[in-house]
Amino acid sequence: KAGLTFAPEAGTQRLRDIVNKGLTNDELLHGVRTAYDRGWRNVKLYFMIGLPGETDADVLGIAETVDWLQKTVAGNKARKRDRLILTLTLSNFTPKPHTPFQWHSVSTEEFARRGALLKEALGKVPNVKSNWTSIRISAMEDFIGRGDRSLCDVVKRSWELGAHKATWWDGADSSFRSFDRAIEEAGLTWKYRQVVSGEWDVMEKLGD
C-alpha cells in the first residue's frame, strides 16, 4: 500500500503539550499499529525542530519515539516485506505572525547543532529514512513570514533578478543570491541577520 502520514510534531509529550498538539504517545502508537496491522509497511512521520521550549532531550526524543514505534509495532521481523519503514520529514520551526509563538526565534547555527544531534541518534535506528528541510530556506520563510509591506520591494526585486526561474530545491543558490541582493538593496540586511542569528526573540529579551 501507499504511505500513510502522521504528524506528531514533537518527540516528547511535554513539548507536544506546550504547542497544544492534541496527540499522545498512546494515540500515535495506536494509529501506526493499526496501519501496520491493516497492511501498511511505509509510514511517514512529520516532526519539527526548534519549537518553543525545546531542549536537547526533546530533540533526542524524536529518535527515541521512532525507535520505540519500530520495536513496539514491527519488532525484529525476519522477512523484509514485514518490516516497518518509517520516513521522517524534519522541518525547522518558522513562527507565523499573529500566533502565540510569533516572536520565538532560533539561530541557523543552533538549528544546525540540533539537527546534527538528531542525525547521529537516528543513525542508530533501523529502517528509517529522513528528509530534512533546508535551514537557509527556513530562515528566508521566517524573514518573509514576519515582514511588513517593506518586503514588497524585496520580493519584486528578487523576481527581477531571476529568483522565479529556479525552484528552491534545484536552484537554491541562484535564488538565494537574488534574494540576498534584493534584501541588501532594500537596506534590510540587518533585519535578515537578526533572523539568521536568532535575535528576533522579543519574549526572551523581556524575560517572559
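Leu-86 touches Val-43, Leu-45, Val-66, Leu-69, Gln-70, Asn-127, Val-128 and Lys-129, leaving out residues up to four places away in sequence; contact means heavy atoms within 4.5 Å. This is a predicted model, where local features need pLDDT of at least 70, side-chain atom pairs count only at pLDDT 80 or more, and totals for chains, interfaces and linings use all residues. Residues are numbered from 1 along each chain as its sequence is written, and side-chain values use heavy atoms, with hydrogens and water left out.

The largest nonpolar core has 26 residues, and Leu-45, Leu-84, Leu-86, Leu-88 and Leu-118 touch the most other members. Such a core is a set of buried Ala, Val, Leu, Ile, Met, Phe, Trp, Tyr and Cys residues joined through side-chain atoms within 4.5 Å, buried being under 20% relative accessible area with a 1.4 Å probe, protein chains only. The largest share, seven residues, comes from α3; helices here are DSSP runs of H or I, at least four residues, numbered from the N terminus. Apart from this core lies another, of 15 residues, including Ala-139 and Phe-176.

Now the helix pair. Helix α5 (residues 135-145) and helix α8 (residues 189-197) pack at about 125 degrees, axes 9 Å apart. Axes are lines fitted to C-alpha atoms over the stretch in contact, with angles from 0 to 180 degrees between N-to-C directions. On the α5 side the contact includes Ala-139 and Phe-143, and on the α8 side Tyr-192 and Val-195.

Conventions:
Buried means under 20% relative accessible area, exposed over 50%, partly exposed in between (1.4 Å probe, protein chains only). Helices (H or I, at least four residues) and strands (E, at least two) are DSSP runs, numbered from the N terminus.
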